[in-house]
Each structure stands twice: as C-alpha cells, then as structure tokens.
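Biologist: I am new to this structure. Please take me through one part of it closely, starting with how the chain is divided and then going into the details.

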Amino acid sequence: MSKTKIAVFSGAGMSQESGIMTFRDMGGLWEQYDITEVASPIAWANTPQLVMDFYNQRRKQLFECEPNKGHLLIAQLEKKYDVQVITQNVDDLHERAGSTNVLHLHGELKKVRSTIDTSLVYEMKDWELKLGDLCEKGSQLRPHIVWFGEAVWAMHEAVELIQEAEMVLVVGTSLNVYPAAGLMNYIKDTIPIYVIDPGSPAFTPQENITFIQKKASHGMEELIDILMSN
Ligand code: OAD
C-alpha cells in the first residue's frame with residue numbers, strides 16, 4: 001500500500017527553538033534591519049559589503065545551531081508517511097534532522113552562487129563570504145538567497161507538490177510573504193491541515209484545519225502521537 005503524502009510547509013518559527021530569530025515577531029530580524037538595505041538586489045548593487053556582512057552573520061550562527069525536536073519529529077514521520085518538506089527557511093536544519101525531501105523556496109544560506117551564471121552554485125565549508133571570492137568564470141559570488149523583488153524559482157515545483165498532498169502541516173510561519181504564502185490556496189479541499197504556531201498565522205478557520213497553538217517542538221510532540229498511532 002502506498003504511503004499517505006504529507007506536505008510540511010515551514011517558516012522561521014520552525015527554527016526559533018534552535019536559536020534562529022524569526023522575522024516578524026517582536027524583536028525579530030526585520031525590526032533590527034531594513035529589508036531593502038540587506039535583502040534586495042538594489043542593496044547588493046549599492047552596498048555589497050553590508051549585504052554580505054548580514055548573511056555572513058546569519059551563516060556563522062547557523063554553523064553553531066542544531067536541529068530542534070520539531071525538526072527531528074518531522075523527519076521521523078518518514079517512517080510511516082511520504083513526507084515532502086517545503087520550507088521558506090534558508091537554514092539546513094530539516095536536512096540535518098534527517099528529512100530527505102526538502103525544497104527551499106527562499107534559497108540556502110550555506111550555498112553561494114555566481115553572479116553571471118545562476119547554475120554555478122557552491123556549498124560553503126566555512127561561514128565567511130568575501131568581496132573578491134569568485135566563481136570559476138571569474139565573477140563575484142553572492143549569497144544563494146531569494147531577495148525581495150527576485151523570482152521564487154522553486155514556486156512551480158512547490159505548487160505541484162502541495163497539490164499532491166493528502167495532509168498538510170504548516171509550522172511556524174506568519175503567512176505574510178508572497179508568493180510563498182499563496183501555496184495555501186493550492187491545498188486540496190477538505191484534506192486535514194494542522195497548523196502549529198504559538199501565534200495566529202493568517203489562516204481562515206475551516207472544519208478541516210486543526211490549530212495547535214504551541215511552539216514547534218511541543219506542537220510536533222502532540223501531533224506525532226496522533227499521526228503515528230493510527
Ligand atoms: P515570520 O517571522 O513572518 O513568522 C514567524 C512565525 O513563527 C510567526 O507566526 C510566529 O508566531 C511563529 N513562531 C515563533 N516562534 C515559534 C516557535 N518556537 N514554534 C513555532 N512557531 C513559532 O517568518 P516567516 O513566515 O517564515 O524571506 O517569514 C517568511 C519570509 O519572510 C522568510 O522566509 C523571509 C522573511 O522575509 C526572505 O528572506 C526571502
């Protein structure tokens with residue numbers, strides 16, 4: 001018998017307990033930084049050092065973080081389910097927890113890419129990217145991140161994956177950022193949806209949606225009991 005397909009859609013709250021700051025909570029990253037100054041193509045054109053410093057700091061921190069219980073429990077679901085993670089997060093904590101199918105909508109912090117050939121993507125062994133670090137064709141390397149105003153290349157694949165899902169878990173996202181949040185519109189009608197978040201993401205209550213108003217680790221502990229027992 002084929003396994004039930006679960007899509008997990010995760011956001012910054014998923015990694016909060018690993019020590020990574022969210023964006024829009026009180027004291028979140030976008031309270032401390034102006035998005036357009038650190039996460040946009042214009043910023044990269046005008047002040048590349050500032051942009052690089054911002055992502056270097058995030059990358060340095062990521063090398064020191066570990067997956068939390070929430071990531072680990074999502075990976076465990078693969079014992080019984082066909083699990084596809086679709087994440088807005090640029091960290092690699094789902095992968096390090098053992099999830100085998102992870103699609104990153106907003107890029108990956110530990111990767112950098114060429115500024116003249118988008119197919120030249122490199123894994124970073126260390127945290128620091130510098131001006132003067134070049135791709136094999138001689139152009140500056142940039143963070144492999146989707147900046148504001150740039151296309152979300154993985155969106156088409158994400159739509160197909162979420163349309164196939166027979167159950168959806170939404171963990172730790174405010175659902176404020178489009179097009180990513182628009183994925184919710186492609187979920188099949190009436191399939192079970194579980195939303196784990198201590199806050200109140202922008203979701204219209206419906207019969208098939210269960211809200212678990214807890215942090216990712218505690219919410220996943222509650223959900224794993226339900227999903228692994230029957
Ligand atoms: P937000 O910061 O907008 O939302 C974080 C969500 O996580 C909120 O709903 C919080 O209530 C919830 N939360 C906080 N702590 C949690 C915990 N321990 N467990 C579970 N949930 C928790 O982050 P995102 O929705 O991920 O894009 O933001 C989406 C995109 O906006 C990001 O990918 C990033 C940002 O700008 C780019 O950088 C391109």
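Modeller: Domain bounds here come from an automatic or database domain assignment. Keep in mind that the model is predicted. The assignment gives the protein chain a domain 1, made of 1–19 + 67–106 + 152–230. Domain 2 is made of 21–64 + 111–145. Taken over C-alpha atoms, the centres of domain 1 and domain 2 are 26 Å apart. Where they touch, domain 1 supplies 14 residues and domain 2 supplies 10 residues.

How much area do domain 1 and domain 2 bury between them? The figure is about 830 Å². Carbon and sulfur atoms account for 66% of it. On the domain 1 side, A12, G19 and W153 lose the most area to domain 2. Together these residues make up 41% of what domain 1 buries there.

Next, a pair of helices. Two packed helices are described by the angle and the distance between their axes. Helix α6 covers residues 69–76, and helix α9 covers residues 216–229. Their axes come within 8 Å and cross at roughly 20°. Angles under 35 degrees count as roughly parallel, so α6 and α9 are roughly parallel to each other. Their crossing is left-handed.

Which residues make this contact? From α6 come K69, G70, L73, I74 and Q76. From α9 come A216, S217, M220, E221, I224 and M228. By type, the residues of this contact divide into 6 nonpolar, 3 polar and 2 charged.

Last, look at the loop between β7 and β8. Strand β7 spans 167–171, and strand β8 spans 193–196. L175 lies in this loop. Its phi is near 60°. That is a positive value in a residue other than glycine. P179 lies in the loop between β7 and β8 too. The peptide bond that joins Y178 and P179 is cis. Omega there is about 10°.

Go on to α6 and α9 and their left-handed crossing. Finish at the cis bond between Y178 and P179.

Key:
Residues are numbered from 1 along each chain as its sequence is written. This is a predicted model: local features need pLDDT of at least 70, side-chain atom pairs count only at pLDDT 80 or more; totals for chains, interfaces and linings use all residues. Side-chain values use heavy atoms; hydrogens and water are left out. Axes are lines fitted to C-alpha atoms, for helices over the stretch in contact, and angles run from 0 to 180 degrees between N-to-C directions. Helices (H or I, at least four residues) and strands (E, at least two) are DSSP runs, numbered from the N terminus. Angles under 35 degrees count as roughly parallel, over 145 as roughly antiparallel, 65 to 115 as roughly perpendicular and the rest as oblique. A crossing is left-handed if the near helix is turned anticlockwise from the far one by less than a right angle, and right-handed if clockwise. Contact means heavy atoms within 4.5 Å. Ala, Val, Leu, Ile, Met, Phe, Trp, Tyr, Cys and Pro count as nonpolar, Asp, Glu, Lys and Arg as charged, and the others, Gly among them, as polar. Buried area is the accessible area (1.4 Å probe) that two parts lose on being put together, summed over both.
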